[in-house]
Amino acid sequence: MHYDNSLALEYLRKGCGDPRAQFRAGQQEAIQHLVAGDGRLLVVEKTGWGKSFVYFIATRLLRDQGYGWAILVSPLLALMRNQIQAARRMGVRAESINSQNPEDHDRVLECLQRGEVDILLVSPERLANAWFTEHVLAPHGDKVSLLIIDEAHCVSDWGHDFRPHYRLVERIIRRLPANMRVLGTTATANDRVMEDLTTVFGQGVKVQRGDLARPSLTLETLKLPLKAQRLAWLSDHLSKLPGSGIIYVLTKRDAYHVAGWLRSRGILAEAYASDSPDRTEREDALLNNEIKVLVATTALSMGFDKPDLGFVIHYQRPGSVVGYYQQVGRAGRSLETARGILLGGEEDDGIAESFISGAFPTRTEASLILDALEGAPDGLSIPQVQSAVNVRRLRIEHTLQLLSLEDPAPIVKVKSKYQLTTTPISEAFWDRTERLTAIRHKELEEMCSYMAVPFGEHMSYLVRALDGNPSQIEAPRLSPLGHAVNPETLAAATAFLQGNFLEIPPRKQWPQGGLEGTPLKGSIPPNQQCQEGRTLAQWNDGGWGNQVRSGKYRDKRFSDDLVRASLKLLRKWQPQPSPTWVTCIPSRRHPNLVPDFAKRLADALGLPFQMALAKTDDRPEQKAMANSYMQAANVAGSLQVDPSQVSGGPVLLIDDVVDSRWTLTIAGSLLQQAGSGPVWPMTLANTSNDSQD
Amino acid sequence: MREFSANTQAVLLLTAPLLVGKQGAPSQTLNQREYQAIVAHLHQDGHTPADLIAPDAEDILSGCEPVIPVDRLKALLQRGLLLSQCLDQWSQRNIWVISRADPAYPSRYRDKLKNACPPVLYGCGDLSLLESGGLAVVGSRNANESLISYTEGIGRLAAESGTCIVSGAARGVDQAAMRGALEGGGAAIGILADSLERAALQRENREFLQDGRLLLLSAYDPKVGFDVGRAMGRNRLIYGLSDAALVVCSDQGKGGTWAGAVEVLDKLRLVPVYVRAEGSQTPGLRGLIAKGAMPFEEPTSSEAIIRLLQPPSSEPNSIPATTLPLFGPPRADSPMAEQSQDAPKTSADSPEPPQVSERNPNGSPGGQDDPRALILEAVRIAIERQLQTPRPPSELAEALGVREGQIKDWLKVLVSEGVVEKKRGESVYRLRRKLALFTSPGR
């Protein structure tokens with residue numbers, strides 16, 4: 001296979017629109033190796049080195065000589081739009097099939113059909129997708145000449161990102177015949193990761209490694225235990241930071257409320273999470289420096305390309321050095337100075353622990369699910385598993401996914417149903433689970449130590465942890481910012497957190513397949529659905545959550561502060577049509593707790609309180625029900641409405657804690673069937689924890 | 001994780017449809033004859049199919065032009081991603097693949113089917129059953145109840161006698177025989193013409209597959225559906241894996257059972273064929289007797305089944321049932337040239353080159369009592385000890401005090417067994433790390 005360097009250079013110049021551009025160190029060798037050499041290559045270079053030029057030019061050169069198209073597997077595709085532009089400038093027809101561009105899928109399929117796609121960008125999850133297999137791989141997979149794995153460190157157990165589908169990527173690489181060209185790229189890989197990758201890519205793989213340090217970056221760690229302190233710190237210091245930047249948060253909820261706080265302080269901030277609307281617009285706003293800061297979950301991580309990013313702040317401590325460096329390393333690539341600041345909070349350990357312990361199913365969960373499948377020769381869909389076992393839906397999905405990614409797999413997905421194979425779940429699976437969990441704990445310790453590193457030594461700590469060479473590292477170019485926060489800002493931040501009312505979206509569907517033993521099935525009629533409700537606090541969120549907890553478990557009475565806070569909430573909320581009476585969810589376990597609170601609130605509002613609902617029998621506490629089906633089934637039939645106590649006007653429906661929303665949904669439906677007007681649910685706290693991104 | 005040998009990968013790329021979905025890519029895969037031709041051609045130059053996917057295959061490929069157009073070969077060999085997707089889908093369902101180049105490939109097929117043996121076999125279950133031989137039981141899909149219970153009885157007796165049942169896994173007689181054997185605690189091999197992927201997940205097969213008593217085997221892509229041609233082509237694979245065959249019922253002059261039995265009686269002569277002698281004789285069975293099948297009285301004991309597998313004096317074609325351990329003491333006849341790095345060129349003028357090409361000329365028949373096997377066993381120990389560091393053949397010859405030519409012959413055997421290897425471009429031999437290639441599924 002012929003390699004023409006002058007042609008490669010011509011493509012580079014077209015691609016970056018600079019007629020005098022030269023290859024960066026290593027780029028040309030990488031392209032040549034892919035095109036003319038043995039074809040297996042691992043490139044470890046920091047972000048901004050220009051990995052995309054390597055694979056786009058290699059693709060172009062292969063296509064020029066009549067070879068088939070290329071597939072680029074990357075965890076994040078939406079953000080590669082600027083790379084796709086560069087690809088098109090050098091005549092590389094790049095397309096993507098992802099969850100955000102369903103409107104393009106048919107067109108891309110037609111282009112594939114006509115051989116008019118040079119490189120297709122897909123996520124690792126897409127590779128496992130049945131539609132993709134059927135419509136892209138089955139008809140066109142015979143002509144793929146180059147496979148590119150972006151963020152290749154995820155293939156290794158030691159890579160910081162545990163992405164289950166990289167297990168599939170790993171197996172695909174291992175099973176490729178030796179004549180298939182494969183390129184793996186990553187910005188961060190320590191020796192352990194490289195060892196794993198070399199084994200997966202095969203003995204013949206060539207490894208190319210660049211320098212890690214980023215002299216423009218001034219790193220700092222600040223311990224600010226309370227969320228209010230961190231919010232205040234951000235408000236006080238953001239304006240002093242260079243250019244535009246990113247604040248990384250761990251949950252979607254944090255993304256929205258940190259951005260909300262900053263906006264309330266007059267800072268141009270947007271939230272960015274996997275469920276944000278207008279993600280593209282928000283990326284563009286950051287790219288074009290139209291906002292000061294994007295408050296993002298890890299949905300915005302890999303592939304985001306902004307050379308003049310002025311700062312990266314972490315609102316909580318990430319789980320590993322590799323992951324942290326990957327994110328903080330995005331700052332200051334083309335700048336003289338930039339900042340990377342890690343704010344450590346009191347909730348960090350708890351979050352880190354829940355991420356680690358939630359990564360794998362427990363033996364009990366796995367055996368419950370496998371037993372359910374054992375009893376179903378034709379397999380079970382996810383909703384069917386949900387109705388068979390008392391395990392949270394997310395945990396069920398996660399367990400099914402992990403087990404079906406094993407090799408050989410104990411279960412396999414055939415159409416929409418999971419079926420047992422002849423392979424029993426192996427001890428090796430649990431060994432690996434334990435090993436990975438131990439690795440995560442070790443990584444966490446390393447990150448905790450980083451928090452304590454004195455100013456000036458952060459970069460060498462990171463480079464050493466990544467097995468790089470710390471000898472050439474310069475002193476930080478900027479001076480430290482310090483912990484100081486203005487007391488007034490702190491007070492404002494505390495008030496903001498207490499006013500952080502969350503919405504309770506109404507449920508519109510009964511559980512999939514209907515509730516056994518009830519007529520509840522399909523859509524909930526609009527005139528029986530609840531209105532969008534409000535909750536005063538997140539159970540663990542530093543606002544009113546603590547008072548709700550002590551009221552429920554210690555004092556057996558919700559405080560008058562909570563009544564006042566609820567009044568404030570209602571004033572801000574202004575539900576229309578406004579409630580004319582108040583009722584609450586009954587409980588046989590705590591018969592007075594919620595009615596007492598609801599009565600005081602009703603008095604303060606000057607509205608009548610009517611006990612319109614009753615519990616007919618003792619059911620287990622709703623929180624013992626792990627998934628939606630179980631929760632709905634637990635409530636249905638145990639709630640009863642007393643029509644004599646139902647007024648015709650809109651009603652405020654009070655409960656202490658909302659989680660699955662089934663209690664409120666069923667109560668709302670009963671009240672309206674008994675003649676009530678619209679139902680406005682309101683609770684003191686929300687314990688649902690579905691906001692991890 | 002199950003590994004697949006480079007040769008198996010290459011053979012799949014050349015011959016298999018590689019279906020990952022319902023609509024496959026229209027590939028011009030090599031048919032049996034074309035595949036034979038390319039293997040023969042490669043063999044002449046001392047190459048194996050695996051060499052076609054090695055990084056420096058360009059020259060070898062262009063050398064193939066006279067046999068198969070290079071562009072066609074390249075297009076087939078470029079299907080690497082598809083191949084890896086297939087291997088993954090199969091492996092997930094515990095389906096393995098072996099090619100004629102793999103030592104696990106059933107020796108009965110090699111010996112009996114010769115050039116007609118399928119290039120690749122897909123299967124689910126314990127691979128070692130492939131060498132167990134046994135009794136093939138064939139018959140109609142629409143058999144009446146008394147025939148079904150007769151056949152189940154045969155299956156149970158086979159189980160009692162430790163004989164494996166080989167069958168087509170179709171409705172009716174096939175399944176009755178397998179059911180009898182499996183429920184009687186014995187073993188069965190079902191040779192499928194379609195839908196292996198589905199069968200591998202079927203609940204009624206699961207326990208037996210996990211116990212290592214059931215083997216499902218197919219020469220066709222695990223995704224393909226029913227097709228008359230494939231169903232017919234599968235007949236010889238049933239007979240070929242057995243030591244004797246029993247036809248329970250058959251139409252006269254038509255139908256798959258008739259065609260399959262007649263093909264064996266008239267042409268292939270793979271194994272002795274018996275027909276059920278008990279009960280009412282049908283024209284079909286009488287017709288088969290006229291063609292040389294032997295009547296078989298209703299067996300009343302497991303000994304009768306064992307006798308059935310003994311070679312009758314009048315049937316020179318039959319092969320005694322031997323249960324050769326797959327990974328135990330070396331089988332001197334197992335090596336194949338397809339695996340060997342530098343196979344001898346003796347086949348160039350053979351009338352049936354591919355057949356020769358898959359056999360090692362140094363190989364000899366016989367099991368562990370064969371003196372040649374004993375010598376080889378000693379040699380293996382000595383050479384393995386010597387190769388703690390890689391050495392050229394000349395040094396080995398000196399160390400062991402034998403001619404260099406003799407050492408080279410032995411090395412060939414060890415190479416083909418995967419014990420030692422010689423890297424391309426090197427002159428030394430080295431010990432190979434043990435591969436997980438033949439680990440049985442479900443263990």
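# Salt bridges and contacts in a predicted two-chain model

Visitor: How many salt bridges are counted between chain B and chain A?
Guide: The model is predicted. Over all chains, the structure holds 51 salt bridges. Between chain B and chain A, the count is 4 salt bridges.

Visitor: Which residue of chain B forms a salt bridge with Glu374(A)?
Guide: A salt bridge needs a side-chain nitrogen of Lys or Arg within 4 Å of a carboxyl oxygen of Asp or Glu. For Glu374(A) and its partner in chain B, the closest N and O atoms are 3.2 Å apart. The partner of Glu374(A) is Arg206(B).

Visitor: Which residue forms a salt bridge with Arg175(A)?
Guide: The closest N and O atoms of this salt bridge are 2.9 Å apart, and Arg175(A) pairs with Asp88(B). Arg175(A) belongs to helix 8 (residues 166–175) of chain A and Asp88(B) to helix 5 of chain B, so the pair joins two chains. The partner asked for is Asp88(B).

Visitor: Is Arg175(A) buried or exposed?
Guide: Buried means under 20% relative accessible area. Asp88(B) comes under that limit at 6%. Arg175(A) has a relative accessible area of 2% and is therefore buried.

Visitor: How many residue pairs are in polar contact between chain B and chain A?
Guide: In terms of residues, 38 of chain B are in contact with 47 of chain A. The area buried between the two chains is about 3,700 Å², and carbon and sulfur atoms give 51% of it. With both residues at pLDDT 80 or more, the residue pairs in polar contact number 18.

Visitor: Which helix gives the largest share of the side of chain B that touches chain A?
Guide: The elements giving two or more residues to this side of chain B are helix 1 (6–15), helix 4 (70–77), helix 5 (80–92) and helix 10 (203–211). The largest share is 11 residues, and it comes from helix 5 of chain B.

Visitor: How many residues on the side of chain B that touches chain A are nonpolar?
Guide: This side of chain B is divided by residue class, with 7 charged residues and 14 polar ones. The nonpolar residues number 17.

Visitor: What area is buried between domain 1 of chain B and domain 2 of chain B?
Guide: The domain assignment of chain B gives domain 1 (6–94), domain 2 (126–309) and domain 3 (321–431). The C-alpha centres of domain 1 and domain 2 lie 32 Å apart, and 8 residues of domain 1 are in contact with 7 residues of domain 2. Carbon and sulfur atoms give 61% of the buried area, which is about 600 Å².

Visitor: Which residues in domain 1 of chain B lose the most area to domain 2 of chain B?
Guide: Together, the residues in question give 76% of what the domain 1 side buries. They are Leu19(B), Trp90(B) and Arg93(B).

Visitor: Which residue forms a salt bridge with Arg93(B)?
Guide: Between domain 1 and domain 2 of chain B, the count is 1 salt bridge. For the salt bridge of Arg93(B), the closest N and O atoms are 3.9 Å apart, which is within the 4 Å limit. The partner of Arg93(B) is Glu197(B).

Visitor: About how many helical turns separate Asp64(A) and Arg60(A)?
Guide: Their side chains meet in a salt bridge at 3.0 Å, N to O. Asp64(A) is partly exposed at 36% relative accessibility, whereas Arg60(A) is buried at 13%. Because they are 4 residues apart in helix 3 (residues 51–64) of chain A, the separation is about one helical turn.

Visitor: Which residues are linked with Arg60(A) and Asp64(A) in a network of salt bridges?
Guide: Side chains of opposite charge can pair when their charged atoms come close. The network that holds Arg60(A) and Asp64(A) also links Arg63(A), Arg93(A) and Asp118(A).

Visitor: Which residues does Lys223(A) touch, not counting those up to four places away in sequence?
Guide: Lys223(A) is found in strand 8 (residues 217–223) of chain A. At 52% relative accessibility, Lys223(A) counts as exposed, because the limit is over 50%. With residues up to four places away in sequence left out, Lys223(A) touches Gly344(A), Met451(A) and His483(A).

Technical notes. Residues numbered from 1 in each chain as written. Chains lettered and ligands numbered in written order. Predicted model: local features only at pLDDT ≥ 70, side-chain atom pairs only at ≥ 80, totals over all residues. Heavy atoms only, no water. Domains from an automatic or database assignment. Contact = heavy atoms within 4.5 Å. Buried area = accessible area lost by both parts, 1.4 Å probe. Polar contact = N/O pair within 3.5 Å; in protein donor to acceptor, adjacent residues only side chain to side chain. Nonpolar A, V, L, I, M, F, W, Y, C, P; charged D, E, K, R; others polar. Buried < 20%, exposed > 50% of the residue type's maximum accessible area, 1.4 Å probe, protein only.
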